[in-house]
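Here are some short notes for a first look. Please keep the model open while reading them.

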Amino acid sequence: MKALHHIFWLGTKELRTVLMDPVMAGLILFVFTFMVYMDATSLPENVNNASIAIADEDNSQLSRQIANAFYPPYFQTPIPIDADEIGPGLDQARFLFALVVPPDFEAQLRKGSQPEIQLHIDATAVMQAGLGDGYIQAIIQTEVSRYLAGRDPSAGAPVDLVLRRAYNPNGSQVWFNALNGILNYLTMVAIMLTGAALIREREHGTIEHLLVMPLTAFQIALAKIWANGLIIISVFALSMLVVFEGLLQVPMVGTHALLFAGTAVYLFAAAAIGIFLGTIARTMAQFALLIMMTIMPMMMLSGGMTPIESQPDIVQPFTWLLPSRHYMAFAEAVVFRGADLSIVWPELLTMACLGAVFLSGSLLAFRRALGTSV
């Protein structure tokens, strides 16, 4: 009981330290609200209002039909230009795409030839350029096929593929970007906050004050984990309820209780990693470098940016050692598929075991660095 008493009061000191720092508290709140919203809505999932110019050297019914196929909200109204205006126009950013329809394009198609349409792209707009290329090719192919067949090419197809989505029926990428953003920031803030708390004690000299008290390394580490974890899970709940389900209107299929319980388990594992890094680093600058080497791989290999199956074969086994990979699978199962405890318990157990391993390593390093005993 005395150990729990020490852990509780030491944790309240950590709570006061964070909450009485307006910059730190404001930054945490900013990350889980504004940054999550921006991540979800700023990443383009479709071509949006892209500017396009067309140099129509054929001036035929087909070329005009192709030009009329580009319309809002994907494209702006096409700008008619001459072919020699393409280079200066792209250099001056007047338009993003430039299409050149060659002379006798329609006549060549009627003869059975395969004339070429030239597409110029301003590749400095990387996201729009990459998406727009496929859109433009699909539009041209559809219009050419419709013109030659005299009807919609999809009409009367031998197979009619009907796509029905059980979740996210409109296929909005915002729903997935929002959850991925929240989980990534959860990882980043949990590791940074707990590790920085330990570094701050060392740099301010207060760690020596703690060591002369009847405290063990285990009590010091666990106090920082529960205090910082409480702060993070509170803003996580705020982000899920206000930003995720409120502003972004993303429905949650599973239960909040299970999601928050699993998040608490993951925060234990992530905070243990933060304590471990904070024990290894001697200064805040060293800790910042370790953070860059740790957080980015955890975020990239968690399965949120790219599926685990799409990652290199040599990397996939190592992702099992990352708590973020198991938490991503757990959160997606609960939020998107409504999974219950009987389905996600292996992920929870794995996260708890990894957290225990990282915490044990942290305590060993802590004891060696400070000469304390557990």
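1. A charge sits over a ring if NZ of Lys or CZ of Arg is within 6 Å of the ring centre and within 35 degrees of the ring normal. R325 and W320 give a case of this: the charged end of R325 sits over the W320 ring, 4.3 Å from the ring's centre. Bear in mind that this is a predicted model.

2. Next, the main core. The largest nonpolar core has 60 residues. F32, L259, Y327 and F330 have the most contacts inside it. Eight helices are listed as each supplying at least two residues: helix 1 (2-19), helix 2 (22-42), helix 7 (173-204), helix 9, helix 10, helix 11 (284-300), helix 12 (323-337) and helix 13 (341-370). Helix 7 gives the most, with 14 residues.

3. Look at F32 in detail. Setting aside neighbours within four places in sequence, F32 is in contact with I182, Y185, L186, V189, I232, V235, F236, S239 and V243.

4. There is another core, apart from the largest one.

5. Now the rings. The structure holds eight aromatic pairs. One of them joins F236 and F260 edge-to-face, with 6.0 Å centre to centre and 80° between the planes. F236 lies in helix 9 (residues 217-247) and F260 in helix 10 (residues 256-280), so this pair ties together parts that are 24 residues apart in sequence. F236 counts as buried because its relative accessibility is 0%, and buried means under 20%.

6. Is S239 buried or exposed? S239 is buried, with a relative accessible area of 0%. This serine is found in helix 9. Not counting residues up to four places away in sequence, S239 touches F32, V36, I182 and F244.

7. Finally, the open space. The largest pocket holds about 580 Å³ of space. It is lined by 27 residues, and the closest to its centre are N180, G303, G304, M305 and E332. Which elements give two or more residues to the lining? They are helix 7 and helix 12. Helix 7 gives the most to this lining, with eight residues.

Terms used
Residues numbered from 1 in each chain as written. Predicted model: local features only at pLDDT ≥ 70, side-chain atom pairs only at ≥ 80, totals over all residues. Heavy atoms only, no water. Phe/Tyr/Trp six-rings, centres within 6.5 Å; stacked < 30°, edge-to-face > 60°. Helix = DSSP H or I, 4+ residues; strand = E, 2+ residues; numbered from the N terminus. Buried < 20%, exposed > 50% of the residue type's maximum accessible area, 1.4 Å probe, protein only. Core = buried A, V, L, I, M, F, W, Y, C linked by side-chain atoms within 4.5 Å. Contact = heavy atoms within 4.5 Å. 1 Å grid on protein atoms, 1.4 Å probe; cavity = no way out; pocket = protein on both sides within 12 Å on 5 of 7 lines; lining within 4 Å. Points joined across faces, edges and corners; volume = space filled by probe spheres on them.
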